[in-house]
Amino acid sequence: MRYVLGLSGLYHDSAACLLRDGHIVAAAQEERFSRLKHDSSLPLRATRWCLEEAGIETGDLEAVVWYEKPLRKLERMLVTQVLAFPKSWRAFSTGTLNFLTNKLWVGSAICKELEIPEEKLLFSDHHQSHAASAFYCSGWDEAAVLTADGVGEWASTSLYRGTAEGLKLLDEVHFPHSLGMVYSAFTAFLGFRVNNGEYKVMGMAPYGTPRFADKVRKVLLLSPDGSFQVNRDLVSYHWSATDSYTRAFEELFGKPRFPGSVFDPSTEEGRFYADCAASVQAVLEEALLGVVRALHERTGLSRLCMAGGVALNSVANRRILVDGPFDELYVQPAAGDAGGAVGAAMWAWREVLGGGQGGGLVPGLGKAWSESETCELLTDLKVRHETLDDQQLLERASEDIASGKVIGWVQGRFEWGPRALGHRSILADPARQGMKDHVNASIKFREAFRPFAPSVAAEAADRYFELPSGGEQPLRWMLLVTPTKTDALPSVTHVDGSARVQVVDSGLYHELIRAVGERTGHPVVLNTSFNLKGEPIVSSPVQALATFRNSGLDALYLGHQRIEK
Ligand SMILES: [Fe+2]
């Protein structure tokens, strides 16, 4: 058996992924083990667990692959900052010094920590890792591939053709021209944290109208051929990675929103910022449509794979599928840099080590805890619990949900990617009025304007949601926002009548949703990640138990063990 380990990190969301003969055995983000949200340190805990899961040691690894090229990245940082000196001093002192002391030596750090010889260490290219993470997981023989993020080494957007021979780079856009960084500049302007609050901008957009789209087009200059440029008078990353909008930007748009202030769309101020969010969302979609049309013209292919942080914009994903030229879409669920670990490993396996077809991306690629470990824990902690058989589990959990209770649901291996997909989820009845506010106020403690997502049984999905054809994979991974067809699900329907739906077609979670449907008439549940605000999603039973105790959850299901408040 041949093993390849892919690693990403040192910027944000570090992760490890282990392949056995090209198939994913284990993959997880470091934050699930360290409990630090967006943990970016070298993913040593995740690596250790991946090796444990496969029952191997580092000596058994054929290759270890880092997801980007540190020297190329340093070159970009030095060149851009020297050009902008002395204004760039702040960015230089924080970004570059951090890089010089940390990332540049990542190769020797990996060799030392994993005790592997240098010959086993490979370096992929940042966007190549993103591209491989989508194309080689898609199972397609041939597809066009688009990657878009803030920036990798130099590239911020890359176009590839993927075939049995490998990924061929067709074109790329270089820093400082970047769709991701423009969206992040607006994220900061709207008072959210860069690399964390982008999805809040997306959630805010439906409260507004894109009446400032023309102004955004002055920031992001779009050409009819699909290319784009960033106006550097308005957005500049040379000074600081987080406060990238300039004084001229503020003169154009107005005062930035105060970080942490409450967003109230019924006020004039709230509407103004919602309109800013709607405008940048609309122009991002326009830009992406331009890029995918160009990519389609270059390749003539009917299938599109996407990765890179911008591919987590599930509203834009629908636009690309519905209004764009491609018939089918595949999105790497961990589209951000965590997914680079999967891509780096896949790239090396297919393009360097001569491995054959692999893949195996399923929702549960993380660690699982056995029923006996869970029971032992509950007994040790003297937690009263009830052990259920398969049928009782479905009966009790569906009865809880149907009667208006909010439950914690921990089953099997934890999920790959940023979404909870029924392995580490908080579940409730989405047909109930007020359930969104209840879950928000008593359990999630997060901004009231943000919507919750529904999980629906596949056989009934079409009754509730518009399902764009060719979107089967992103719909299964909660990567598409789509209009709802009903007003029966108020707690998972956003202000514009849309929902970020997860279509579920198999497994225990599917059976549970069906069982809920038998009681409520709607085989749909409200599904939100099992964590408190600002914390990573829970991994282990003990973390689930702690979160259960610190929140307003009514019942907790740890495998077949039921615990009540
Ligand atoms: Fe990236």
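In which sense do strands β16 and β19 pair, and over how many bridges? I looked this up and found that β16 (residues 453–457) runs parallel to β19, with 3 bridges between the two. Strands count as paired if DSSP finds at least two bridges between them. Helices (H or I, at least four residues) and strands (E, at least two) are DSSP runs, numbered from the N terminus.

I note that this is a predicted model: local features need pLDDT of at least 70, side-chain atom pairs count only at pLDDT 80 or more, and totals for chains, interfaces and linings use all residues. Residues are numbered from 1 along each chain as its sequence is written, and side-chain values use heavy atoms, with hydrogens and water left out.

**Entry: the open sheet.** I traced 8 strands in the order β13-β22-β21-β14-β15-β20-β16-β19, with mixed pairing. β13 (386–387) and β19 (502–504) are the edge strands, each pairing on one side only. Within β19, Val503 is the bridge partner of Val456.

**Entry: the iron site.** I found the iron ion coordinated by His126 (NE2), His130 (NE2), Asp149 (OD) and Asp337 (OD) at 2.2 to 2.3 Å. Donors are N, O and S atoms within 2.8 Å of the metal (3.2 Å for Na, K and Ca); water is not among the atoms, so sites may look incomplete. The angles among the 4 donor atoms span 90 to 172°, and the site is irregular.

I checked burial: His130 and Asp337 are both buried (under 20% relative accessible area, with exposed over 50% and partly exposed in between; 1.4 Å probe, protein chains only).

**Entry: strand β7.** Of the 9 residues in β7 (residues 155–163), 8 are buried, so the rest of the structure largely encloses this strand. I followed its pairing to β6 (residues 143–148), which is antiparallel over 6 bridges, and a hairpin of 6 residues joins β6 to β7. Thr157 in β7 is the bridge partner of Ala148. β7 also pairs with β8 (residues 166–174), antiparallel over 8 bridges. These two strands form a hairpin with 2 residues between them.

Conventions:
Tetrahedral: all angles 85-135°; square planar, octahedral: opposite > 155°, others 65-115°.
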